[in-house]
Amino acid sequence: MPPLRNRNATVYCPGPRADIGQARDSCSGRPGPNDPRGRSGPGRAASRAHPCVRREHHPVPNTVLILNGPNLNLLGRREPSVYGRETLDDIAAACRVRGEKLRIRVDFRQTNHEGELVEWIQQSHADVRGIILNAAAYTHTSVAIPDALRAVALPCIEVHLSNVHARESFRHHSYISPVATGVIVGLGSQGYLLALDAMARLIADADAANADGPRSLST
Ligand code: DQA
């Protein structure tokens, strides 16, 4: 897949580097509540482009939030037969490398707290083009996280390292999946990289739709 066009190469967000545990990126304000962001499938992403594709008014790079839920900070020593030997730092580093190739700024975070995930989703600033989410155990319990995803209406790709459908029955249900644009399970850390590739395509499609199609975001 070709890398994303980056129409903003000369102007970079002055915010801090996004590393694991950083509370939030400092750049830009949040979109208003009525911003019609494109999400929920390639078709809709193409027809209802995110307002931030108007880069002439918002010259910052495309950012994708990669959010990780509880106990994923223990990867590497947590049930290695299920989750493998890679640490979350390894996965973050691989995502950043893939992000550079795709010309996407990767903002990779982990928390053990549901409310923090909700706040990070709510605070998605205007240059965030999508969210890749492994909500871990909250996948199977949280109503607040999918509600926040619905509220920000960004494309979301749900990722699980393990094949949750081949595990205990309580892991078969996800509260995130109905809100997600796509779901990747059972491919280990590769799932995060595939999610980034897919997100790059969603962003490129939205940009292309915005460049070629009608400019009005209200339709
Ligand atoms: C997980 C699967 C969840 O069921 C579990 O609670 C996790 C990790 C995964 O990545 O496979 O913590 O999300």
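Contact here means heavy atoms within 4.5 Å. The model is predicted, so that local features need pLDDT of at least 70 and side-chain atom pairs count only at pLDDT 80 or more, while totals for chains, interfaces and linings use all residues. Residues are numbered from 1 along each chain as its sequence is written, and side-chain values use heavy atoms, with hydrogens and water left out.

**Exercise 1. The chain as a whole**

Task: Determine how many helices and strands the chain has, and what share of its contacts with a separation of 6 or more comes from residues 24 or more positions apart.

Solution: Begin with the elements, which are DSSP runs numbered from the N terminus (helices are H or I with at least four residues, strands are E with at least two). There are 6 helices and 5 strands, and their order from the N terminus is α-β-α-α-β-α-β-α-β-β-α. Finally, 51% of the 219 residues count as buried, where buried means under 20% relative accessible area (1.4 Å probe, protein chains only).

**Exercise 2. The nonpolar cores**

Solution: A nonpolar core is a set of buried Ala, Val, Leu, Ile, Met, Phe, Trp, Tyr and Cys residues joined through side-chain atoms within 4.5 Å. The largest such core holds 27 residues, of which Ile66, Cys95, Phe108, Ile132, Tyr192 and Leu196 touch the most other members. A second, separate core has 19 residues, among them Trp120, Leu133, Ala148 and Leu154.

**Exercise 3. The ligand and histidine 140**

Task: Work out which class of residue histidine 140 joins in the ligand shell by listing how many nonpolar, polar and charged residues that shell has, and then state what histidine 140 touches elsewhere in the chain.

Solution: The residues around the ligand (a heavy atom within 4 Å of it) are Arg78, Tyr83, Asn134, Ala136, Ala137, His140, His160, Leu161, Ser162, Val164 and Arg171. By class the shell has 5 nonpolar, 4 polar and 2 charged residues; Asp, Glu, Lys and Arg count as charged, Ala, Val, Leu, Ile, Met, Phe, Trp, Tyr, Cys and Pro as nonpolar, and the others, Gly among them, as polar, which places histidine 140 among the polar residues. Oxygen atoms of the ligand lie 2.9 Å from a side-chain N or O atom of arginine 78, 2.7 Å from a polar side-chain atom of histidine 140, and 2.9 Å from one of arginine 171. The protein covers 99% of the 330 Å² of accessible area that the ligand has on its own (Shrake-Rupley method, 1.4 Å probe). Histidine 140 itself sits in the loop between β3 and α5 (144-152) and is buried, at 15% relative accessible area. Its side chain has a polar atom 2.9 Å from the backbone oxygen of histidine 173, and, residues up to four places away not counted, histidine 140 touches Val164, Phe170, Arg171, His173 and Tyr175.

Key: Polar contact = N/O pair within 3.5 Å; in protein donor to acceptor, adjacent residues only side chain to side chain. Buried < 20%, exposed > 50% of the residue type's maximum accessible area, 1.4 Å probe, protein only.
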